[in-house]
Amino acid sequence: MPKQKITKEMVVNAAFDLARSGGMEQVLVKNIAKKLNCSVQPIYSYCKNMDELRHEVIQRAVSFVQAYVDSRLDEKDLFRSTGQAYLCLAKEEPSLFKMFILHQREGIASLDDLYHANANPQLAQTIAKELGIPQQQAKELHLHMLIYTVGIGTIFSVTTPGIPAEEIFAQQQTAYEAFFRQARQESNAKGACFRQVRQESSEKDKKEE
């Protein structure tokens with residue numbers, strides 16, 4: 001029986017499977033060789049730089065997460081279904097969730113940078129339309145929920161025997177309602193301020209006439 005030819009794709013697939021099941025610390029040459037049932041030699045031929053291999057694994061994890069979340073979105077409740085999808089990911093794929101959350105992000109110097117790097121720019125428009133608030137408040141609401149979901153999802157992914165999903169979802173809903181009330185109050189306050197400015201301007205114009 002001819003010996004199986006080891007390809008780079010096979011090496012990356014094996015490394016991804018190891019990371020998915022046990023975290024990035026399992027991505028070692030000896031573990032990859034064992035999984036592929038081969039010597040370490042073909043692994044080294046593709047992995048002269050293990051950092052490069054780990055980077056490929058992380059990029060594959062990011063793609064997996066994006067596809068996972070997209071497949072669980074509810075178009076009628078896009079905002080909350082996104083948050084719930086991430087929490088489900090934290091429960092079902094804790095290693096991939098941690099890799100996705102903890103991987104290095106270049107060029108981030110503010111929360112605004114982080115938001116634009118990790119959120120669909122069209123989503124704030126959708127949230128604004130669905131909730132009846134200005135786009136700026138929708139963006140801030142979305143950012144608050146992203147930060148909160150990452151935090152509670154991380155707790156969810158590292159606790160044993162595990163917090164019930166229903167309890168996590170209920171806590172997320174409580175946070176959402178609080179952040180939404182804040183966004184609505186800010187929107188109303190800005191709207192009232194704008195109306196007052198317009199009224200004062202109108203009264204001034206009438207006096208000048």
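This is a predicted model: local features need pLDDT of at least 70, side-chain atom pairs count only at pLDDT 80 or more; totals for chains, interfaces and linings use all residues.
I begin with Thr-149, a residue of helix α9. Is Thr-149 buried or exposed? Its relative accessible area is 6%, and buried means under 20%, so Thr-149 counts as buried.

Rolling a probe the size of a water molecule over the atoms shows where empty space is left. The largest pocket holds about 820 Å³ of space. Its lining is made up of 31 residues, and those closest to its centre are Tyr-86, Phe-100, Asn-118, Ala-119 and Leu-146. Two or more lining residues come from each of the elements α4, α5, α6 (94-102), α7 (111-118), α8 (123-131) and α9 (135-158). Which element gives the largest share? That is α9, with 6 residues. By type, the lining consists of 18 nonpolar, 10 polar and 3 charged residues.

Finally, I turn to Glu-75. This residue sits in the loop that runs between α4 (50-70) and α5 (78-92). Glu-75 has a relative accessibility of 73%; exposed means over 50%, and therefore Glu-75 is classed as exposed. Between Glu-75 and Thr-126 the separation in sequence is 51 residues, while their C-alpha atoms are 9.9 Å apart in space.

Thank you for your attention.

How values were computed
Residues are numbered from 1 along each chain as its sequence is written. Side-chain values use heavy atoms; hydrogens and water are left out. Helices (H or I, at least four residues) and strands (E, at least two) are DSSP runs, numbered from the N terminus. Buried means under 20% relative accessible area, exposed over 50%, partly exposed in between (1.4 Å probe, protein chains only). On a 1 Å grid over the protein atoms alone, a cavity is a set of points where a 1.4 Å probe fits but cannot get out, and a pocket is an open set with protein on both sides within 12 Å along at least five of seven lines; lining residues have an atom within 4 Å of a point. Grid points are joined across faces, edges and corners, and a volume is the space filled by probe spheres set on the points. Ala, Val, Leu, Ile, Met, Phe, Trp, Tyr, Cys and Pro count as nonpolar, Asp, Glu, Lys and Arg as charged, and the others, Gly among them, as polar.
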